[in-house]
Each structure stands twice: as structure tokens, then as C-alpha cells.
Amino acid sequence: MFLDDYFRQYGLVAIFCVVAVAVPVSMMLMSWGMSRVGLRPRAPSAVKAETYECGMEAIGGKWNLFNFRYYMFAILFVIFDVEVIFLYPWATKFLSLELFALIEMAVFVGILLIGWAYAWRKRDLEWG
Amino acid sequence: MAWVLFIALAVVTLGGGLAVVATRNVVHAALALLVSLVAVAGVYLLVYAEFLALVQVLIYGGAIVIVLVFAIMLTRSAEYPRTSDNRQWPLAAVAALGLLAVLVPAFLINAVQDTEAKNAAFTGIAQSLFTTWAVPFEIASLVLLVALIGAIIIARSGPGEN
């Protein structure tokens with residue numbers, strides 16, 4: 001019962017998770033182990049300690065106060081994240097639903113687009 | 001096999017929860033909360049609650065943790081990156097033990113029927129959501145619209161903004 005399609009499908013997700021954790025951890029462990037046996041040279045420098053090796057130089061500390069405008073995007077993300085929850089069963093079972101479901105979803109997304117248009121018209125999506 | 005997976009997920013969930021209250025760094029606490037919430041999604045998957053697992057990852061793992069991280073980013077966290085003030089812990093312990101004292105007897109009295117788990121998946125949810133519960137579904141979009149516009153208005157009316 002246990003190794004049916006359902007669990008095989010999510011077993012893949014579990015394997016992805018395991019690999020995603022194992023790769024960085026093993027890299028750090030290898031680096032640590034090499035330094036224990038004296039194989040890894042130790043030569044720290046200012047460039048190596050930078051946050052981004054290639055890119056803009058970081059300004060300020062990591063505990064900077066971020067711009068309040070980011071908050072608007074967080075709110076929009078949360079609302080449309082909830083919308084996606086409703087889209088998901090609709091999209092996966094689309095072929096077995098009737099035309100009525102398509103109209104329903106169009107109304108649903110249309111009502112939420114009003115909110116998006118409101119934010120757009122009130123210039124909340126602009127940066128300036 | 002299911003038991004092994006459940007115990008592994010439970011350990012991750014509880015470990016994440018412990019890390020949330022044990023760490024002194026608020027950002028680490030938010031990250032540990034994310035780990036705990038995603039592990040709960042794994043528990044839902046074990047009992048074939050696919051849709052619930054999806055909601056758990058998208059809403060709790062996505063939206064709620066994002067809002068928490070934004071709250072940390074936007075407040076003056078430089079002044080307290082490390083919370084050392086935990087004078088409220090006796091009160092928190094009493095509240096947590098009280099909740100435990102309610103939940104454990106509740107589970108013992110209303111024992112869950114040990115039925116065969118089966119894959120309900122999305123078919124039932126989609127059918128009932130888009131036929132029987134069509135009107136509440138549309139009302140949900142109105143509620144979301146009100147929440148969106150309300151949040152924008154409240155956010156804009158803060159001091160320093162016009």
C-alpha cells in the first residue's frame with residue numbers, strides 16, 4: 001500500500017529536500033575536515049570576507065532599516081498567495097469541471113484584479 | 001515505514017519549534033519557524049491531505065513567514081537583534097502547559113478512528129468548491145479584495161506618507 005504512486009511522487013520531493021540539505025552541509029563538513037588534517041590552507045583576506053564576491057559593494061550593516069515601501073509588495077504577495085490556493089484545485093481538475101467553473105474562476109480573478117488595479121491607479125506599485 | 005517518516009517529521013517540527021523559542025536572534029527564529037511549518041506540511045502529506053499540505057506550504061510557509069520577516073526588516077531591529085528580555089517565560093510556560101492539559105485529554109477521549117488512509121486529493125475539493133460552494137467561493141474573492149484595499153489604505157495613511 002505504501003509505495004503507491006502518491007508516495008512515489010512525494011518521495012521525489014523528499015529526495016530533493018535531502019539533496020538540498022546534504023550538499024551544502026557536506027561541503028562545509030569537507031572544508032572543516034580538510035582544515036583538521038591540514039590539507040586546507042588558511043589565508044583569510046578582506047575580499048574573501050565580502051558578502052558578494054562579484055557585484056556591488058555592500059553598504060551598511062545587515063540590521064539596516066529597510067524602506068517601508070517593501071511592505072506594500074508584501075501585502076500584495078500575501079493576497080495573491082491566497083488566490084493561488086483557490087486556483088490550484090481548479091487548475092488540476094480543470095478538464096473534469098464544467099464551463100461554469102471557468103466562469104466562476106474568471107469572476108474570482110476579475111474581482112481580485114480590481115484590487116490590483118486600485119493599487120496600480122493609486123501609484124502604490126511605483127517606486128518614487 | 002509510515003511511522004519512521006512520521007517520527008522524523010515530528011522531530012523536525014518539534015526541533016524547529018524549540019529553536020524558535022530558544023534562539024536569541026529574531027531572524028533565526030523566523031527561519032526555524034519556517035522549518036517547523038514545512039515539516040507539518042510533510043505530516044499532512046503522510047495522511048494523504050494533499051491540499052492541506054499545499055495550503056500549509058503556501059500560506060504558512062510562504063505568506064505568514066514572509067510577513068514576519070518583513071515585520072523584522074521594517075522595524076528598528078538594529079536596536080534588538082538579540083532579544084534577551086524573557087521575563088514573560090513563566091507566563092508562557094503556564095499558557096503552554098494549560099493548552100497541553102486541554103489537548104491531551106481531548107485526544108484521549110475522542111480517539112481518532114484508525115481507518116485506512118486513502119487519496120482524496122483534489123477531485124472532491126474541486127467538485128464541491130466549484131459546484132456546491134460556488135457562492136462562498138466568490139465571496140472569498142470579495143473578502144480578499146476588501147483585505148487588499150484595506151491594507152493598502154492603512155499602510156498609506158502612516159505618518160510621513162500622504
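Modeller: A salt bridge is a side-chain nitrogen of Lys or Arg within 4 Å of a carboxyl oxygen of Asp or Glu. The model is predicted: local features need pLDDT of at least 70, side-chain atom pairs count only at pLDDT 80 or more, and totals for chains, interfaces and linings use all residues. Residues are numbered from 1 along each chain as its sequence is written, chains are lettered from A and ligands numbered from 1 in the order in which they are written, and side-chain values use heavy atoms, with hydrogens and water left out.

Biologist: How many salt bridges are there across the interface of chain A and chain B?
Modeller: The rule finds zero salt bridges there.

Biologist: And how many residue pairs are in polar contact between the chains?
Modeller: Two residue pairs, both at pLDDT 80 or more, are in polar contact between chain A and chain B. A polar contact is a pair of N or O atoms within 3.5 Å; within protein, one must be able to donate a hydrogen and the other to accept it, and residues adjacent in sequence count only if both atoms are side-chain atoms.

Biologist: How much area do the two chains bury between them?
Modeller: Chain A and chain B bury about 4,700 Å², 78% of it on carbon and sulfur atoms. Buried area is the accessible area (1.4 Å probe) that two parts lose on being put together, summed over both.

Biologist: Now B:Ser141: is it buried or exposed?
Modeller: B:Ser141 counts as buried because its relative accessibility is 0%; buried means under 20% relative accessible area, exposed over 50%, and partly exposed in between (1.4 Å probe, protein chains only). B:Ser141 is placed in helix 6 (residues 134-156) of chain B.

Biologist: What does B:Ser141 touch?
Modeller: Not counting residues up to four places away in sequence, B:Ser141 touches A:Phe108, A:Ile111 and A:Leu112, where contact means heavy atoms within 4.5 Å. A polar atom of the side chain of B:Ser141 also lies 2.6 Å from the backbone oxygen of B:Glu138.

Biologist: Where is A:Phe73 found?
Modeller: A:Phe73 is in helix 2 of chain A. A:Phe73 is partly exposed, with a relative accessible area of 33%.

Note on methods: Helices (H or I, at least four residues) and strands (E, at least two) are DSSP runs, numbered from the N terminus.
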